[in-house]
There are 2 protein chains.
Amino acid sequence: MDRMKDQWFAEDHTGAIEPKYTHTHWKIKRTLFTGQSPFQKLDFFESYDHGILFALDGLIMTSERDEFIYHEMLTHVPLFTHPGPKKVLVIGGGDCGALREILKHPAVDNIHLCEIDKMVVEKCEEIFPYVKEVLNNPRIEAFYEDGFDFLKRNTNIYDIILVDSTDPVGEALKLFGVPFLGLCHQALAADGMMVMQCGSPFYQTQFIKDLQSDMMSVFPLSQIYTASVHSYPGGYWGFITGSKKYDPLNDFQADKYEDLNFMYYNDKIHKAAFALPSYFVKQDS
Amino acid sequence: MDRMKDQWFAEDHTGAIEPKYTHTHWKIKRTLFTGQSPFQKLDFFESYDHGILFALDGLIMTSERDEFIYHEMLTHVPLFTHPGPKKVLVIGGGDCGALREILKHPAVDNIHLCEIDKMVVEKCEEIFPYVKEVLNNPRIEAFYEDGFDFLKRNTNIYDIILVDSTDPVGEALKLFGVPFLGLCHQALAADGMMVMQCGSPFYQTQFIKDLQSDMMSVFPLSQIYTASVHSYPGGYWGFITGSKKYDPLNDFQADKYEDLNFMYYNDKIHKAAFALPSYFVKQDS
């Protein structure tokens, strides 16, 4: 094949993202949209192998073929840990994949989306088939504003907060600091819990260790779990919990578990996701 | 960065390997060796992010930075399942990473390597620091011949057979068929078990399902387990067991488990590795 004539997309890791010199290249059929919002650069491509790719500032956010893995694992682990979640907040997550997963739980009656970049939601609604139906669901309410400002107005409300952010570089870095975690703690109900994506346990081991220290300065319980997200660097991704009361292993609601048309998540995966490699467990934080 | 001046290595997936149009590109400091054996093309590169890369016929076999994950998971899962493994055979595995891991088990007194391509072993000995010490260990004996011929001469001998092959294309494809599995069965002792790498559960779902059907036509027990191998496509890799007696979950030797300087494997990972994604469990075989 003549690579010079083909169109390929590769992530730009020239910032702080590891690995710097190892990139996935995706062969592209066509570009669906490229544009700049007030906050970031948006790209949508149609790829040969992974359906539509969605990138922010040159970093893959989701690929259509495997986004279910990331979104199911972000969502269902806390939703099958908390015994009665009613109000859930998603910060970031403008592609609405996490919202789609939360909607599978009939007992959740109030779902807020706080996404700073309205253009992300608008373009995802144009491009991804599932988004319009999700946004039209009366259980969902969207707020287009900064997560800090939104959290400051909302105290002791949510059962679960999901932080579905971009990588911890630039503006998004502030979503990984103690001030933000403290605001999440404050916005959660007395038995609430939060989950955020936290990068690669293999490539960002020390970053995640430090983040867990921060999390444990705010919450009494914090754990790391993982999933195989093929479109992210190394194909292995971490999620971190911060919880006031419930432990995702001890409090897993096994009796309430049912298969809500999951493609990745299941009860065995729930428990297995918390087994961490020795290199991660052994490394001093 | 000027990509045209930099030297990069990417796998060639123009054969039967999925994904065809999604490749990891590795920035290379220098080429350490390129040559053709009677069986295949050998390449060794020094990369920026992953240490030395070793490729056969254009497909990554190991990267120095994460080969421990693949080799530990191939080896220690069966070695902590069988209650008293003494004799172990590795078919393929000329990079000697599996041998290095088996040597960590003091009770194994006899380890055979059957590698068709002597040049692989010789070049790995020149290039990877750990290989010479492994090959000098008196518990190890190497045979440079075809795996079929070797197995035909050896009946009812081994406690464990590890098949550490290249991808199932070309010559290596025959290592994934019933005739080969039957010879392994015959070479195993009455309570023996085998493990082989079997590709990506995400990209080769149907191939692995079919392989498991074949395995169960030969062995009474067969299971799939997985590991996050970052240098393989999608970062998620499968292993398949064929066993005459022992089940890796029910017969896990928890009382014998000890940390033999593992960097990935541990007792929690052993059990978690058998939890499979819903898309895999649900798909009809």
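Two strands are taken to pair if DSSP finds at least two bridges between them. In this predicted model, β2(A) and β2(B) are joined by 5 bridges and run antiparallel. Within this arrangement, A:W26 stands opposite B:T22 of β2(B).

The contact between the chains involves 33 residues of chain A and 33 residues of chain B. On the side of chain A that touches chain B, two or more residues are given by each of β2 (22-36), α8 (267-272) and α9 (278-282) of chain A. The largest share, 6 residues, comes from β2(A). By residue class, this side of chain A comprises 18 nonpolar, 11 polar and 4 charged residues. Of the interface residues of chain A, 97% are also interface residues in chain B, so the copies meet through the same surface.

Chain A is superposed on chain B by a rotation of 180° with 0.0 Å of shift along its axis, at an RMSD of 0.0 Å. This relation is that of a two-fold axis.

In chain B, helix α3 (residues 118-127) contains the buried residues B:V120, B:V121, B:K123 and B:C124. The cover over the buried residues of α3(B) includes β2 (22-36), β3 (41-47), α4 (131-136) and β8 (140-143) of chain B.

In chain A, A:F219 lies in the loop between α7 (205-218) and β11 (224-227). A:F219 is buried because 21 other C-beta atoms lie within 10 Å, the cut-off being 20 or more. Beyond its neighbours within four places in sequence, A:F219 is in contact with A:H185, A:G242, A:S243 and A:K244. A:K244 is 25 residues from A:F219 along the chain, with 5.9 Å between their C-alpha atoms.

Technical notes. Residues numbered from 1 in each chain as written. Chains lettered and ligands numbered in written order. Predicted model: local features only at pLDDT ≥ 70, side-chain atom pairs only at ≥ 80, totals over all residues. Buried ≥ 20, exposed ≤ 12 C-beta atoms within 10 Å, placed from the backbone. Helix = DSSP H or I, 4+ residues; strand = E, 2+ residues; numbered from the N terminus. Contact = placed C-beta atoms within 7 Å. Least-squares fit on C-alpha atoms with pLDDT ≥ 70 in both. Nonpolar A, V, L, I, M, F, W, Y, C, P; charged D, E, K, R; others polar.
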